[in-house]
Amino acid sequence: MTKSKNTSILSAPSRRGLLKIGGAAVLTTPFVSRAWAQTTEINMLAWYGHGEPDVVAEFEAANNVKFVPKYYAGGDNMLALIAQSPPGTYDIILSDAEFVQQLNLAGYIEPLEAADYPFDDMLHDDFKQFPGHWADGELYSMMVRGGHLGVSYNKNSVTEEEAQSYSCFWKPELEGKVGHFDWHLPNLGMMSLYNGNGAGLWDLDDAKWDAVQETTMSLRKQVGGYFDYGGTFNGLKNGEMQAMCGIGDWITGVLEKDGAPVASTIPKEGGIQFTESYSIGIGSEKADIAKKFIQYMLSPVGQVKSAQMAAYPGFCVTKGGRAALIEADPAEAKRSHQMEGMANDPIALINQGRIHYRDIPQQQDLEDWNDFWSEYKNS
Amino acid sequence: MPARPKRKLDLFALTWRLPIIIWQLVFFVGPVVFMIAMSFFLVKNYRMTEAFEFVNWSKMLSRGYFWDSYWHTIFIAAVSTVCAMLIAFPAAFALAFRASDSTRRWAIFLLIIPFFTSYLVRTFSWFVILSESGVVNAMLSYIGLGPYTMLNTNFGTLVGYMTLTLPLVVILQTVTMANIDKTLVEAARNLGCSPLRTIWQVIIPLSKTGLIIAAIFCFILSFGDFVAPFYLGGSQQPTLPILILDTTKSGQQWPRAAVVAIMMMGTLFAIAFTGIALAYRKRKGAK
């Protein structure tokens, strides 16, 4: 029996072997680089987290695309970025629902084909005809996720019962311990709800607007700071802030999963829903793949990824997505009350009329609200 | 009266001066001119449009919150300057008059080291130290004190300002005092001056220029700093840099932010020129 000869080039490199490898490498390099070049880049404009691997990696691998995200903070910022860029810069745009109308009016987004999206699977009828998403019978944006804003608190200093009303922010023990997410819209919206404006929280006449300002000013002595996303996160985590106005589970959810004794609840005066929707940017040459991505995000797999998003969680908007979440991650489904029969099920809260969709002021300019917010911070 | 001799254009000297002139034009004069022009522009549909309107100036300067921020920023920057100057002086004095040359060189090197790391990172590290469950309060609790709220207060802002400015102020003061002619200090002591009087009547007057320049630097850095009042001060009573951010966030009002920035620059120019005039003012009778 003859000993088998080891023919591996790597184990016994010979000049001929090395030439073979080198030649093969040189000859195949153009094909490799061409394969890389074929990866399509999708320019995404979104809130932080939406273009991160935990959300898009699977889609990227399956479709040989690469997302190039540009992140913004706030609808104004988003509109400015689009306004200052030539058409076609962004293939896919994630927007807060209240800004979709402005995107459409400015001609920044393409119409969508309604039949391409799972409207029959939507968890709530409101989601099928979301305000501003349709214009003249044409669909312009597709809602993919949402979240509720209410009272966010540290369980060690605010009880669940106390958190059932925005009045807990005025609790004497919380003096200097109430933080604000530094954006006038959700904060003043909450003050408006506390004043009993209910569904008309954005539609304030002069008297109601004055009352909202007065209520907000009365909270000033309780306030310990005004924070961006990171500051809000830190303030709650290190206990500097014991309650937060203007946020919800999208921040406390991340901390809660990390073991912090914080929670968010929708008080009896009602809460505010933020809604995030995808649109296809005008002039995009990659509209087909952008459409495919929106479909993916509305599929059960995409909805689970959205609900588990590392940056900030959001609730599912499709029945298939919710069922998939309950199956894939029951702990998260339970934590975020995305199960039928749970007291704070987001859909049940909408049905009970306790949730109001975030909007822009109807009778004042955004500038008026912002001016007051600056005044409030300086008081 | 004899005619003044005509100055010949020295191309050689001009060539050597050219880079700094170009640098100033491209990176200072150009942007400032653009910023001034921008303050008259308008924003329509989140896009800046060229115009020559005074509306941004009238809007910003008529707002009470602008002036609140303005005076607050001047006040807290002034407090920061006083604190930095007072804290730095003993250290700089010791390094200039008591330490050996080698120790002084090492001390200056160590004072430069903080600048190797990002100011933002240094600021964030204060969270661990100043929070209610942080290092300072933990130590105070051993002697039955606290917890005290230090973050999201003016105190927090000042700590941030000190992080930014103190090393620089110590370096400037040290270098200034180290250059004082030591024989003058010795003469004062030999003539019966007390140590305190020597500092007050000999050392401070002799290092006046350096001390004022250190103070101006400290004021400028504190006045324009965004990080400390935002992260350690919690935006409680916003300073002008925070107001710039707020203004651009809302409706992308860059022209109004430009108004705030121009007001800041004007203030800093006024303070810096006054300071420099004081620093180089000659005493009566001095040649």
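Modeller: Let's settle one term before we start: two residues are in contact if their C-beta atoms, placed from the backbone, lie within 7 Å. Keep in mind too that this is a predicted model.

Setting aside its neighbours within four places in sequence, Ile92(A) is in contact with Ile42(A), Met44(A), Tyr278(A), Ile280(A), Gly281(A), Ala290(A) and Phe293(A). Ile92(A) also belongs to the largest nonpolar core, a set of 55 residues. Together with Leu45(A) and Met142(A), Ile92(A) is among the residues with the most contacts inside that core. There is a second, separate core as well, with 52 residues, including Leu166(B), Val169(B), Ala228(B) and Ala261(B).

Now for a helix pair in chain A. Helix α10(A) covers residues 287-298, and α11(A) covers residues 300-307. Two packed helices are described by the angle between their axes and the distance between the axes. For this pair, the axes come within 4 Å and cross at roughly 75°. Angles of 65 to 115 degrees count as roughly perpendicular, so α10(A) and α11(A) are roughly perpendicular to each other. On the α10(A) side, the contact is made by Tyr296(A), Met297(A) and Leu298(A), while α11(A) brings Gly302(A), Gln303(A) and Ser306(A). Sorted by class, that gives three nonpolar and three polar residues, with no charged ones.

Moving out to where the chains meet, 27 residues of chain A are in contact with 26 residues of chain B. On the chain A side, α3 (75-83), β9 (223-227), α8 (229-237) and α15 (366-378) each supply at least two residues. The largest share, eight residues, comes from α15(A). The chain A residues that touch chain B split into seven nonpolar, 13 polar and seven charged.

And what about chain B itself? Its secondary structure comes to 13 helices and two strands. The C-alpha trace of chain B spans about 80 × 75 × 35 Å along its principal axes. Among chain B contacts between residues at least 6 apart in sequence, 71% join residues at least 24 apart.

Methods. Residues numbered from 1 in each chain as written. Chains lettered and ligands numbered in written order. Predicted model: local features only at pLDDT ≥ 70, side-chain atom pairs only at ≥ 80, totals over all residues. Nonpolar A, V, L, I, M, F, W, Y, C, P; charged D, E, K, R; others polar. Core = buried A, V, L, I, M, F, W, Y, C linked by C-beta atoms within 7 Å. Buried ≥ 20, exposed ≤ 12 C-beta atoms within 10 Å, placed from the backbone. Axes fitted to C-alpha atoms, helices over the stretch in contact; angles between N-to-C directions. Parallel < 35°, antiparallel > 145°, perpendicular 65-115°, else oblique.
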